[in-house]
Amino acid sequence: MVQMPAMNAVVEVLKSEGVDVAFGCPGAAILPLYKALEEVGGIEHLTVRHEEGATHMADAWARTNGRVGVAIGTSGPAGTNMITGLYTALADSVPMVCITGQNVSTKLHQEAFQAVDIVAVATPVTKWAVQLKEAGQAPWIFREAFRIAREGRPGPVLVDIPLDIAQRTVTYDPAIDAPLPVHPVRPHPPRVERALDMLLAAERPLLLAGGGVVTADAAAELRAVAEYLQVPVQTTLMGKGAFDEDSPLFAGMTGIQTSQRYGNASFLEADLVLAVGARFGDRHTGRLDVYRGDRAFIHVDIEPTQIGKVFEPDLGVVSDARLFLRELAGLAARRGPARAPGPWVARVNRLKAELGRREDFDTVPIKAPRVYKEINAAFGPETYFVTAIGLYQIWGGQHQKAHLPRHYQVCGQAGPLGWEIPAAIGVRKALERTDPDAEVVGIVGDYSFQYTVEELAVAAQYDVPFVLIMINNEYLGLIRQAEIPYGMNYQVDIHYDDHGTDNVQIMAAYGCSGRRVSEPADIRPAIDWARKEAQRTSRPVLVEIMIEREANTPHGPAIDAVAEFEPLPGAAA
């Protein structure tokens, strides 16, 4: 049998699991793994400036190509720095393996240097956290880590490796090994039958596509069901891109923040909602009594414990999103011919035409909706976008169009500031071999930009081009707005003198470039320049757009009752 260093066996496993890029930062306790990366080869490594950045890069890499991302750090604070990224991946169901070094196993009980029980720390924010106890377990622990990360509801795993274990030799032959099987979660046929019965009996049904549709690569199946049965489709924030927003069947988004008025109005009039791969997050549902109303719900999810967690549906189906939609489409075809658009589809399109939000502002300071009008006009459907948390996430949900799955990526539930720059790097690296000319755009706030700004050095070092569009109101805008009911305006002002942080100069300090825009007419020319400059320099380019400081975004009830429109007969008012 083949003898090799334990960490060489680990690298062989990583390669066979589809890992061709890893993100991390070397340190003393993890150097045996870095030695193996050097000796075995075949995995590109980007040295990050902070371990949290590594996790966000691995996260976005996985969101883009559907494989398992890998982040690496040494012992102690490297692992604790990864916790935010682990939580983000768990919250958004992203498959990722984080690898940490550890002090020697004989010293862990003696408060040795940088010896922290990272397994205990990471357990609440991972699907599995484990410490390698025996060198002979190394390839098999990693096989199981990848299986767990991928199977069922995807998520992150952490593997901690004590230094003495990492330095040992094992018996392992990669030529006769392969990834562990991931078993599909198929729907129970009688429940698919019942779901179709309910869907066909409804007068005003909606399909609700959550992030599970994107994760399962089920966009084509979703479209097939919607078009065959002529059922309008809404998406959650995590499901954005699962259905083309230019389709006549797109019915918007419902929610208290990332929503459209026509989306809320359509939802209000629906009598049945078939939710696939959605978890009914609180920013989507708002008040449950209003959200539920008198309408029926079918909830399809790959994770059994998700069904009934927020409220009990009329029908629950445990299934992979793609397999359920495929079965539903086949069953519908056997039941009867494709439907023609009816009065419900016409109603949804009327609401869409009449209840849009205004975007054509020419005023100075710039209003945020005008920014998204220019973004929608400038970039095609093939562009990849990343965005994070704040008013600009809400504006993005309200105004920015998405057309393709895995092309609009947002850290939805955890909402960590600073996600965008490392995420853009991860997306760009995921596309490098399959779509090297694809454009990557990060929509970022002025405060979030500063959280992980050091990762610009990574993009500059490794020639990773993308465009950053900063929406800058010089406030902690969302926090300021949240303070208003308290009668506060406290500790949210982050500018000084006439402008504050010179973000264009920060870009220059990292060997990148940028422009500041204050006039609406200058937005599009600046974006066009940034696209060309990113391509020319192979580095990030910033367009900083100064918007009105008092910019707010609508908050309020989850469902806006639209009194000026008469509902269809039998629909809720």
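Student: Across which strands does helix α3 lie, and at about what angle does α3 run to β4?

Tutor: Bearing in mind that this is a predicted model, we can begin with helix α3, which comprises residues 51-65. This helix lies across β2 (21-24), β4 (69-73) and β5 (96-102), and its direction relative to β4 is about 170 degrees.

Student: What is the order of the strands in the open sheet, and which are the edge strands?

Tutor: The open sheet has six strands with parallel pairing, in the order β3-β2-β4-β5-β7-β6. From one strand to the next the twist averages 20 degrees. Pairing on one side only marks the edge strands, and these are β3 (44-47) and β6 (128-131).

Student: Which residue in β7 stands opposite Q131?

Tutor: Strand β7, residues 156-162, pairs with β6 in the parallel sense, and four bridges join the two. Helix α7 (residues 138-150) lies across both of these strands as well as β4 and β5, running at about 165 degrees to β7. Within β7, the residue that stands opposite Q131 is D160.

Student: Turning to the surface, why does Y486 count as exposed?

Tutor: Y486 lies in the loop between α22 (477-483) and α23 (503-509), and together with M488 and Y490 it makes a nonpolar surface patch of about 390 Å². A residue is called exposed when its relative accessible area is over 50%. Y486 therefore counts as exposed, because its relative accessibility is 66%.

Notes:
Residues numbered from 1 in each chain as written. Predicted model: local features only at pLDDT ≥ 70, side-chain atom pairs only at ≥ 80, totals over all residues. Heavy atoms only, no water. Pairing = 2+ DSSP bridges. Axes fitted to C-alpha atoms, helices over the stretch in contact; angles between N-to-C directions. Contact = heavy atoms within 4.5 Å. Patch = residues over 30% accessible without salt bridge, like charges linked within 9 Å, V, L, I, M, F, W, Y side chains within 5 Å. Areas by Shrake-Rupley, 256 points an atom, 1.4 Å probe, with all protein chains shown as cover. Salt bridge = Lys/Arg side-chain N within 4 Å of Asp/Glu carboxyl O. Buried < 20%, exposed > 50% of the residue type's maximum accessible area, 1.4 Å probe, protein only.
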